[in-house]
Amino acid sequence: MGGGQLGRMFCHAAQSLGYRVAVLDPAPEGPAASVADMHIQADYDDETALIKLAQRCRAVTTEFENVPAKSLLTLAAHCRVTPGSHAVEIVQDRIAEKAFIVSQGVAVAPYAAIRAESDLRAAGPHLFPGILKVARLGYDGKGQARVRSLDEALKAFAEFGGVPCVLEAMLDLKQELSVVLARGLDGQCAVFPVACNVHEQGILAVTTVDMQAAPMTARATEAALAIARGLKYEGVLCVEFFVLGDGQLLVNEIAPRPHNSGHFSMNACVTSQFEQQARVMAGLPLGSTRLLAPVVMLNILGDVWYPGVDDTQAEPNWAGVLAVPGTSLHLYGKREARRARKMGHVNCTGTTLADAVSHANQVVQVLRLPVS
Ligand code: ADP
Ligand code: MG
C-alpha cells in the first residue's frame, strides 16, 4: 500500500528474495509502481481494488502511515496484513499516539490535545513557545506551525481549518535519535543500531551511526521495544526520540513502517530495514542487524537540482558523488525535482567514523548540500 520511495526500496528487497510485488497507489506512476511487478491504480479505500490486491497477495504491508486503517482491516479478512490496522490506527493520529506512548510508561514532550479553541485557551503557558501539529496526515514538517503565543496558536488552528491538533512545547533539543526495529509474527525482535539524526526545517537531513553505541542506546532501545510489544506490532517500526540537555529522553513519534533514518541499513548492516519488512511478511527468520561499518546517510532533496538563485534546473553531479570512496547512491526515480521533496539519499561508509564523516563531507561539497 503506497507508491513512494519506501515502497520502491521495499519492492527491490522483496524481489531480491524472489518475491513478486503488487503496489496499490492512486497515482498513475511513482517510485514504487515503476519497479513493482504489478500496479493497481486506485484509491486506498477502493473496495474492489483492495479485494483485487488481497487476492493477488499472500501478504500486504504499507509504506506510509496514512493508509486508512479500515482498508487494512478489509485486506486482513483475505490475507496477512503487517502491521495490523490496530497499530496503524493508533500511530496515524498524534493524539492517540501520544496517549498510547504515555500508557506504556514512556515520556513524551509536554503537550495538550486540541480539538477546539477552548482547548488552546486552557493549554497553559508551559506550552508556549510551542508547535501546533495537525493530528493526522502531517509529514516532513508539513501541517505544523511554530507558535509563540495563544494568539498565534489560535490563528494557526484556524488556518488548519480547526482540525484536531496537538500543541507541544517547543523543546531545546540536544540531540535526536531513532530506533528502527522489526518484530516478527512470533514476537521476536531485531533492533537496528541507534541512529543519530539531524533535521533541517523539519526534514531529516543527516543520520550518523557509529560502531560505538550512541549515548542513551539502552534506554532508547528499551522504550522502542516496550512500544512495539504494547502495540503487538508485526513488521518494521521506527521510534523517533528527543534528547534534552538534562538527559531526558522523550519519544517524538512512531512510524509504522521502514523509516528515512533507517536507510543507513541498506549499505551498513547485514540486513536492510526493507529486507527485514519482507522477512516479517513472509514469516521468515529476521536477519542480523549488525553494523558492518560506521556510516553517514545524507538525504538528497529536490533543492539540489536548483543550484542558482532562479528556478533553472541542473542535473546534480552524480559522477562526483560516486567518485567519493565508500558512497552508495540511492535515487528514487521521481520525475520532478521540487524543493523540499525527498529525491534520494547517499550512504557514506568508512573504516572509522572520522573516515565516514570525511566521505560525507566530500559529498556535501559536491552536491552543495545545506548541512554543516
Ligand atoms: P514529522 O511527522 O513531519 O516528521 P515531527 O513531529 O517528527 O514531524 O517533527 C519534525 C521535526 O521538527 C523533528 O524531528 C524536530 O527536529 C522538530 N520538532 C518537532 N517537534 C518539536 C518540539 N516539540 N520541539 C523542538 N523541535 C521539534
Ligand atoms: Mg518525524
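Biologist: Leaving aside neighbours within four places in sequence, which residues is V239 in contact with?
Modeller: V239 is in contact with S178, V179, A223, A224, I227, V251 and I254. Two residues are in contact if their C-beta atoms, placed from the backbone, lie within 7 Å. This is a predicted model, where local features need pLDDT of at least 70, side-chain atom pairs count only at pLDDT 80 or more, and totals for chains, interfaces and linings use all residues. Residues are numbered from 1 along each chain as its sequence is written, while chains are lettered from A and ligands numbered from 1 in the order in which they are written.

Biologist: What is the bridge partner of V239 in β14?
Modeller: I254 is that partner. Strands (E, at least two residues) and helices (H or I, at least four) are DSSP runs, numbered from the N terminus.

Biologist: How many bridges join β13 to β14?
Modeller: Six, and the two strands run antiparallel. Strands pair if DSSP finds at least two bridges between them. In the hairpin of β13 and β14, four residues sit between the strands, and G247 there has a positive phi near 90°.

Biologist: And how many join β9 to β13?
Modeller: Ten bridges, again antiparallel. For example, E176 has F242 in β13 as its bridge partner.

Biologist: Is strand β13 mostly covered or mostly open?
Modeller: Mostly covered: eight of the ten residues in β13 (235-244) are buried. Buried means 20 or more other C-beta atoms within 10 Å of the residue's own; exposed means 12 or fewer, and partly exposed is in between, with C-beta atoms placed from the backbone.

Biologist: Which residues have the most contacts inside the largest nonpolar core?
Modeller: L181, I227, L237, V239, V295 and L298, in a core of 81 residues. Domain 1 (5-81) and domain 3 (173-367) both give residues to this core, so it lies between them. A nonpolar core is a set of buried Ala, Val, Leu, Ile, Met, Phe, Trp, Tyr and Cys residues joined through C-beta atoms within 7 Å. Apart from that core lies another, of 18 residues, including L120 and V147.

Biologist: Why would such residues be grouped like that?
Modeller: In soluble globular proteins, nonpolar side chains tend to be buried together.

Biologist: New topic. Where does ligand 1 lie?
Modeller: Domain 2 (110-169) and domain 3 (173-367) both give residues to the shell around ligand 1, so it lies between them. The domain bounds come from an automatic or database domain assignment.

Biologist: Which residues come nearest to ligand 1?
Modeller: G141, E168, L171, H199 and G202, out of 17 around it. A residue is near a molecule or strand if its C-beta atom, placed from the backbone, lies within 6 Å of it.

Biologist: Which strands each supply at least two residues of that shell around ligand 1?
Modeller: β6 (130-134), β9 (173-183) and β14 (249-255).

Biologist: Now the backbone. What joins T82 and P83?
Modeller: A cis peptide bond, with omega about -5°. P83 is in the loop between β4 (80-81) and α4 (85-91). F128 and P129 are also joined by a cis peptide bond, with omega about -10°.

Biologist: What about Q201, is it buried or exposed?
Modeller: Q201 counts as exposed because it has 10 C-beta neighbours inside 10 Å. Q201 is not a glycine, although its phi is positive, about 55°. Q201 lies in the loop between β11 (195-200) and β12 (203-209).
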